[in-house]
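This report goes through side-chain interactions in one protein chain. Please look at the sequence and the structure below before reading on.

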Amino acid sequence: MNSEPLKFFLIAGEPSGDLHGGKLIHAIKNILPNSAFMGHGGNAMKEAGMQILEHTDNLAIMGFVEVIKHLPRMMKIMGKTIDTISRTKPDRIILIDYPGFNLRLAKRIQHLEIPITYFILPQVWAWKEKRVETMKTVLDQSLSIFPFEKEWYESRGLQTDYVGHPFAEYEHLDESSKDFYQRHNITIEHPLLILLPGSRQQEVDRHWSIFLKTVKKLKESKSLLQVMVGKAPNVSLSPIPDDFKVEDNARKAMVAGTVALVSSGTATLECAVEDIPMIVCYKLSAISWWMANNITSVKYASMVNLIADENIVPEFLQHNMTEENLVKSIIPLLNAKSIERKKMLSGFDRIRRTLGMPGVYNRAAESIISKTIVEQHD
């Protein structure tokens with residue numbers, strides 16, 4: 001392969017996109033070590049060698065009302081982004097999820113004729129299907145991580161390559177289970193509930209009080225229950241009870257846990273990969289919830305149920321997210337021999353088989369580089 005370095009401009013607006021972006025940058029650098037990276041992202045992309053223009057902490061916004069509130073600031077960031085791309089003329093732009101911003105940007109820089117790759121495609125099969133028409137016009141390359149997306153997008157005229165899901169990668173955790181338990185002063189003899197309240201401050205703020213009430217109610221019947229919080233690095237939690245353990249590496253917590261209470265998002269799929277039974281919940285502002293109900297076209301909120309197209313994990317959304325409902329669903333899953341737990345784990349096994357083989361980032365990097373080099377020589 002051509003060894004000339006390339007210039008890439010990447011945009012990830014949320015913590016999950018930052019993690020994918022960091023690993024994609026490493027994979028590209030393994031092939032073309034001297035390539036340059038600039039754009040919007042977080043700590044993972046920065047550590048991988050990207051020059052950060054705008055940090056994900058300033059970009060992650062969830063909910064319709066919240067987006068409107070931050071619109072002036074986001075328009076200013078959009079303008080600066082367009083100016084920078086116009087001035088630096090990268091060889092390729094790589095968009096990672098974050099469709100509200102990324103697709104608007106792609107339309108506004110179309111005249112620059114810089115090829116655009118979309119990695120972690122917008123979930124327009126859930127809502128805003130008309131975005132496919134924009135994607136067909138502005139994208140040079142579409143890389144899908146969900147097996148059903150390739151057929152869905154191509155049936156609507158957008159050529160798409162399925163590279164596999166990042167969660168199919170083998171994660172080598174740098175700590176044994178024994179060391180993990182000792183570090184947190186917990187025991188394998190009693191059940192461990194993992195709390196995953198979200199990766200954005202605004203969702204954590206809506207969820208945390210309900211999580212605390214749920215634990216309090218659970219402990220009335222399960223006094224030996226141990227509790228651990230998988231805390232995202234960019235959020236603050238208050239209060240955190242003295243007997244709660246806090247772990248910054250959510251994946252380690254999932255591996256060690258008995259059951260998880262999870263805010264709907266990528267963490268639901270990660271729990272399925274790590275084989276920890278879960279209850280999924282989520283709460284939006286009242287206006288955002290009303291709008292979501294009027295424009296979404298999917299039956300489920302969690303990625304696990306969406307991929308399976310069946311109700312593998314319980315979902316408690318909005319007014320149904322109460323401590324009574326959560327406790328009632330968590331208790332059977334604490335029993336290793338319960339029908340509910342066995343049925344859920346069987347569903348997880350089916351999910352894992354759809355996620356493809358390891359090597360996702362390498363396949364994506366090879367595809368991006370090959371297409372860029374071919375187009376430079378056309």
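Which residues does S264 touch, not counting residues up to four places away in sequence? They are V280, C281, Y282, A301 and S302, where touching, or contact, means heavy atoms within 4.5 Å.

## Basis of the report

The model is predicted, and local features need pLDDT of at least 70, side-chain atom pairs count only at pLDDT 80 or more, and totals for chains, interfaces and linings use all residues. Residues are numbered from 1 along each chain as its sequence is written, and side-chain values use heavy atoms, with hydrogens and water left out.

S264 is placed in the loop between β11 (259-263) and α11. Helices (H or I, at least four residues) and strands (E, at least two) are DSSP runs, numbered from the N terminus. The relative accessible area of S264 is 16%, so S264 is buried. Buried means under 20% relative accessible area, exposed means over 50%, and partly exposed lies in between (1.4 Å probe, protein chains only).

One of the residues that S264 touches is A301. The backbone oxygen of A301 lies 3.1 Å from a polar atom of the S264 side chain. A polar contact is a pair of N or O atoms within 3.5 Å; within protein, one must be able to donate a hydrogen and the other to accept it, and residues adjacent in sequence count only if both atoms are side-chain atoms.

## Salt bridges

A salt bridge is a side-chain nitrogen of Lys or Arg within 4 Å of a carboxyl oxygen of Asp or Glu. The search of the whole structure finds 20 of them. One is formed by K252 and D174, whose closest N and O atoms are 2.8 Å apart. This pair links distant parts of the chain, 78 residues apart: K252 is in helix α10 (residues 250-256), and D174 is in the loop between β7 (161-162) and α8 (177-184). Are the two partners buried or exposed? K252 has 12% relative accessibility and therefore counts as buried, whereas D174, with a relative accessible area of 68%, is exposed.

R251 forms a salt bridge with E270, with 3.5 Å between the closest N and O atoms. Here the link runs from R251 in helix α10 to E270 in helix α11 (residues 266-273), 19 residues apart. R251 is buried at a relative accessible area of 8%, and E270 is buried at 16%.

E247 forms a salt bridge with R183, and their closest N and O atoms are 2.8 Å apart. The pair joins distant parts of the chain, with E247 in strand β10 (residues 244-247) and R183 in helix α8, 64 residues apart. E247 is buried, with a relative accessible area of 5%, while R183 is partly exposed at 45%. D174, E175, R183, E247 and K252 are linked in a network of salt bridges.

Leaving out residues up to four places away in sequence, E247 touches F180, R183, H184, M228, V229, G230, K231, K252 and A253.

## Aromatic rings

A pair of aromatic rings is described by the distance of the centres and the angle of the planes. Rings of Phe, Tyr and Trp (its six-membered ring) pair if their centres lie within 6.5 Å; planes under 30 degrees apart count as stacked, over 60 as edge-to-face and the rest as tilted. The count by this rule is nine aromatic pairs. The rings of F8 and F37 have centres 5.5 Å apart and planes at 15°, so this pair is stacked. F8 in strand β1 (residues 7-12) and F37 in strand β2 (residues 36-41) belong to distant parts of the chain, 29 residues apart. Both F8 and F37 are buried. W208 and F211 form a tilted pair, with 6.4 Å from centre to centre and 35° between the planes. These two residues are separated by about one helical turn because they are three residues apart in helix α9 (residues 201-221). W208 counts as buried at 4% relative accessibility, and F211 counts as buried at 0%.

W125, F146 and F148 form one aromatic cluster. The charged end of R156 sits over the ring of W152, 3.9 Å from its centre. A charge sits over a ring if NZ of Lys or CZ of Arg is within 6 Å of the ring centre and within 35 degrees of the ring normal.
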